[in-house]
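Here are my notes on the structure, written as numbered points so that you can follow them beside the sequence and the 3D view.

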Amino acid sequence: VITIKENDDRISLGFYHCKYSSSPTAGARIEDLYAVCGQAQKSIHWREKVEDIFRHMQKREPKHSGTLTSTRFEVGTRELLRTFQMKARNNPVDIEIFIVQPGVSKSLISQPQLQLLSATENYLMTTYQLPFKAITSA
């Protein structure tokens, strides 16, 4: 999931990497973090060429055929995406990375989970100063 916001003369992008829990109850399973942390770390390549993010999103938007229309946009349109793309050429773009994993319990989090989260945050911050946040169960 990608969010796009305009704040004054800045464009803010939020990348939300989501995965299902491996169990119906939240816990301290490191396996629930491997995929989303890997995706978060791979997100750094978008920082190198911000313009590519917008092109990629346009390419992934399905073509409309006949009377059936489908879209990947929850809010907004292809035209609004193009507007943001144009503004991003002349304005600073901030990127923030999130992982969303309901299988991780904040109250039961394990040392290996904390180490993986820390390594991911450190990599994102030292490479491109990309803020990193985890959204978990309580």
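1. Contact in these notes means heavy atoms within 4.5 Å. Among contacts in the protein chain between residues at least 6 apart in sequence, those joining residues at least 24 apart make up 73%.

2. This is a predicted model, in which local features need pLDDT of at least 70 and side-chain atom pairs count only at pLDDT 80 or more, while totals for chains, interfaces and linings use all residues. Residues are numbered from 1 along each chain as its sequence is written, and side-chain values use heavy atoms, with hydrogens and water left out.

3. The protein chain has five helices and four strands, where helices (H or I, at least four residues) and strands (E, at least two) are DSSP runs numbered from the N terminus. Along the sequence their order is β-β-α-α-α-α-β-α-β, and the C-alpha atoms fill a box of roughly 45 × 40 × 25 Å, taken along the principal axes.

4. Of the 138 residues in the protein chain, 34% are buried; buried means under 20% relative accessible area, exposed means over 50%, and partly exposed lies in between, with a 1.4 Å probe and protein chains only.

5. How do helix 3 (residues 50-60) and helix 4 (residues 78-90) cross? Their axes come within 9 Å and cross at roughly 170°, where axes are lines fitted to C-alpha atoms, for helices over the stretch in contact, and angles run from 0 to 180 degrees between N-to-C directions. The two helices are therefore roughly antiparallel to each other (angles under 35 degrees count as roughly parallel, over 145 as roughly antiparallel, 65 to 115 as roughly perpendicular and the rest as oblique). The contact is made by E51, F54, R55, M57 and Q58 of helix 3 together with R78, L81, R82, F84, Q85, A88 and R89 of helix 4.

6. The residues of this contact of helix 3 with helix 4 divide into five nonpolar, two polar and five charged. Here Ala, Val, Leu, Ile, Met, Phe, Trp, Tyr, Cys and Pro count as nonpolar, Asp, Glu, Lys and Arg as charged, and the others, Gly among them, as polar.

7. In helix 3 the buried residues are V50, E51, I53, F54, M57 and Q58. They cover an arc of only 160° around the axis, which puts them on the same side of helix 3; the arc is that of the directions from the helix axis to the C-beta atoms. These buried residues pack against strand 1 (2-7), strand 2 (10-18), helix 2 (45-48), helix 4 and strand 3 (93-105).

8. In helix 4 the buried residues are R78, L81, F84, Q85 and A88, and they cover an arc of only 115° around the axis, which puts them on the same side of helix 4. They pack against strand 1, strand 2, helix 3 and strand 3.

9. Helix 1 (residues 31-42) and helix 5 (residues 111-128) pack at an angle of about 5°, with their axes 10 Å apart, and are therefore roughly parallel to each other. The residues of their contact divide into eight nonpolar, three polar and no charged.

10. I4 is found in strand 1 and, at 21% relative accessibility, counts as partly exposed. Leaving aside neighbours within four places in sequence, I4 is in contact with I11, S12, L13, F54, M57, L81 and F84.
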